[in-house]
Amino acid sequence: MGLILWLVIGGVVGWLASIVMRTDAQQGIVLNVVVGIVGAFVAGLIFSGGSINNAPLNLYTFLTSLVGAIILLAIVNLVRRGSVR
């Protein structure tokens with residue numbers, strides 16, 4: 001059950017981050033899940049409070065994972081296009 005919840009929350013986080021960064025039309029559901037989970041990992045490295053990957057789910061870990069996913073998408077946009085957008 002934990003794996004399914006992890007994938008669902010990762011998908012929601014990736015989807016919200018793609019809406020914020022205006023890349024939603026370019027991404028599918030699988031890429032949203034990947035962005036959410038990898039973004040949560042990045043957030044776990046940057047912030048010491050934890051993310052959805054290593055802490056219980058609450059508002060702080062959700063927002064931390066969302067910030068990590070936004071940072072990840074900004075880095076990808078910077079590398080691909082030369083601007084964050």
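**Close-up 1. The start of helix α3 in the predicted model, with the contact made there by Asn-58.** A side-chain oxygen of Asn-58 comes to within 3.1 Å of the backbone nitrogen of Tyr-60 at the start of α3.

**Close-up 2. Helix α3 from end to end, with its buried residues.** The 23 residues of α3, taken at 1.5 Å a residue, should span 33 Å, and this agrees with the 32 Å that separates its end C-alpha atoms. Buried positions in α3 include Thr-61, Phe-62, Thr-64, Ser-65 and Leu-66, and also Gly-68, Ala-69, Leu-72, Leu-73, Ala-74 and Asn-77. Among the elements that cover these buried residues are α1 and α2. Following α3 is Gly-82, which has a positive phi, near 85°.

**Close-up 3. The crossing of α2 and α3.** The axes of these two helices, α2 and α3, come within 7 Å and cross at roughly 105°. Because angles of 65 to 115 degrees count as roughly perpendicular, α2 is described as roughly perpendicular to α3. On the α2 side of the contact are Val-35, Val-38, Gly-39, Ala-40, Val-42, Ala-43 and Ile-46, and these meet Thr-64, Ser-65, Gly-68, Ala-69, Ile-71, Leu-72 and Leu-73 in α3.

**Close-up 4. The largest nonpolar core, which has 13 residues.** Ile-9, Val-13, Ala-17, Val-35, Ala-69 and Leu-73 are the residues with the most contacts inside this core. At least two core residues are supplied by each of α1 (2–20), α2 (29–46) and α3 (59–81), and the largest share, 6 residues, comes from α3.

**Close-up 5. The surroundings of Leu-73, leaving aside residues up to four places away in sequence.** Leu-73, which is buried in α3, touches Ala-17, Ser-18, Met-21, Thr-23, Gln-27 and Val-35. Of these neighbours, Ala-17 and Val-35 are themselves listed with Leu-73 among the residues that have the most contacts inside the largest nonpolar core.

**Close-up 6. Ser-18, a residue of helix α1, and its contacts.** Ser-18 counts as buried because its relative accessibility is 0%, where the cut-off for buried is under 20%. The side chain of Ser-18 reaches the backbone oxygen of Trp-15 at 2.7 Å. When residues up to four places away in sequence are not counted, Ser-18 touches Thr-23, Asp-24, Gln-27, Asn-32 and Leu-73.

Note on methods
Residues numbered from 1 in each chain as written. Predicted model: local features only at pLDDT ≥ 70, side-chain atom pairs only at ≥ 80, totals over all residues. Heavy atoms only, no water. Core = buried A, V, L, I, M, F, W, Y, C linked by side-chain atoms within 4.5 Å. Buried < 20%, exposed > 50% of the residue type's maximum accessible area, 1.4 Å probe, protein only. Helix = DSSP H or I, 4+ residues; strand = E, 2+ residues; numbered from the N terminus. Contact = heavy atoms within 4.5 Å. Polar contact = N/O pair within 3.5 Å; in protein donor to acceptor, adjacent residues only side chain to side chain. Expected span 1.5 Å × (residues − 1). Axes fitted to C-alpha atoms, helices over the stretch in contact; angles between N-to-C directions. Parallel < 35°, antiparallel > 145°, perpendicular 65-115°, else oblique.
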